[in-house]
Amino acid sequence: MVDLVLGDDHAIFVDALAATLPRHGCRIVGTADNVAGVAGVVREHRPDICLLDRYFGDGDALDAIGGILDAGGRTKVLVLTADGDVQGMRDALARGAAGYVNKMCGLSVLAGAIRGVMDGEVVVELAAARAPRLAGTTDARRLASHLTGRERQCLRMLVEGAHTTAMAKQLGVAPTTVRTHVQSVLTKLGVHSRLEAASFAMRHGVLDDGRMPVAG
């Protein structure tokens with residue numbers, strides 16, 4: 001079982017997760033309904049993951065991510081929020097969150113995100129209605145032109161189906177560095193998963209030799 005602390009001030013939502021997550025190999029070992037209390041609950045229970053809503057009555061929980069990580073030791077933070085702000089997602093990851101999931105994505109997506117975080121991945125799942133839409137291949141290539149050479153290498157390996165460990169070995173870097181590069185690829189392309197990134201690259205031919213300028 002994956003032990004979770006849930007920081008959320010919506011009682012009905014908390015109860016629903018407590019009732020349904022055990023079916024997905026998870027259990028909620030503690031809860032907090034305000035930003036100030038989350039770190040203390042994490043310190044007490046030392047869960048695998050802290051599922052953290054963003055906005056509470058006493059503030060923006062993104063400001064507490066650092067303290068939560070310090071309190072939990074090995075605990076990872078997965079932001080679970082109704083907020084669809086892409087910049088908020090970037091801020092959460094920059095502050096050390098292992099993932100950012102919109103509540104509208106549903107339970108199966110959340111369960112998959114939890115598994116991904118436990119596997120050491122950086123997971124981003126935004127609501128489909130807020131996902132960026134591309135007009136076509138021209139826009140796709142414009143987005144892809146912002147990739148660095150190393151990010152382009154990572155994207156090519158995603159197309160080939162490589163996992164983090166294999167990518168790290170091939171590039172001669174640490175797995176954490178690979179995850180950082182991959183997350184940057186996802187953000188720059190406006191996609192939310194490795195599968196989407198690979199599909200994007202194949203659909204628009206952005207890795208075709210000589211057809212895509214690469215940022216330095």
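Where does Arg-46 lie? Arg-46 sits in the loop between helix H2 (35–45) and strand S3 (49–52). Helices (H or I, at least four residues) and strands (E, at least two) are DSSP runs, numbered from the N terminus. Please keep in mind that this is a predicted model, where local features need pLDDT of at least 70, side-chain atom pairs count only at pLDDT 80 or more, and totals for chains, interfaces and linings use all residues. Residues are numbered from 1 along each chain as its sequence is written, and side-chain values use heavy atoms, with hydrogens and water left out.

- Arg-46 follows H2 and has a positive phi of about 45 degrees, although it is not a glycine.
- At 42% relative accessibility, Arg-46 is partly exposed; buried means under 20% relative accessible area, exposed over 50%, and partly exposed in between (1.4 Å probe, protein chains only).
- Asp-48 belongs to the loop between H2 and S3 as well, and with a relative accessible area of 13% Asp-48 is buried.
- The side chains of Asp-48 and Arg-74 make a polar contact at 2.4 Å; such a contact is a pair of N or O atoms within 3.5 Å, where within protein one must be able to donate a hydrogen and the other to accept it, and residues adjacent in sequence count only if both atoms are side-chain atoms.
- Leaving aside neighbours within four places in sequence, Asp-48 is in contact (heavy atoms within 4.5 Å) with residues including Met-1, Asp-3, Thr-75 and Met-118.

**Helix H2**

- Val-35, Val-38, Ala-39, Val-41 and Val-42 are the buried residues of H2.
- These buried residues fall within an arc of 165 degrees seen down the axis of H2, so they line one face of the helix; the arc is that of the directions from the helix axis to the C-beta atoms.
- Ala-36 and Glu-44 are exposed on the other side of H2.
- The cover over the buried residues of H2 includes strand S1 (2–7), strand S2 (26–32), S3 and helix H3 (65–72).

**The sheet and its helices**

- Six strands form an open sheet in the order S2-S1-S3-S6-S7-S8, with parallel pairing; two strands pair if DSSP finds at least two bridges between them.
- S2 and strand S8 (123–125) stand at the edges with a single partner strand each, so one side of each has no neighbour in the sheet.
- S1 and S2 pair over six bridges, and Val-5 stands opposite Gly-30 in S2.
- Helix H5 (residues 107–118) packs on the sheet, touching S1, S2, S3, S6, S7 and S8.

Note on methods. Axes fitted to C-alpha atoms, helices over the stretch in contact; angles between N-to-C directions.
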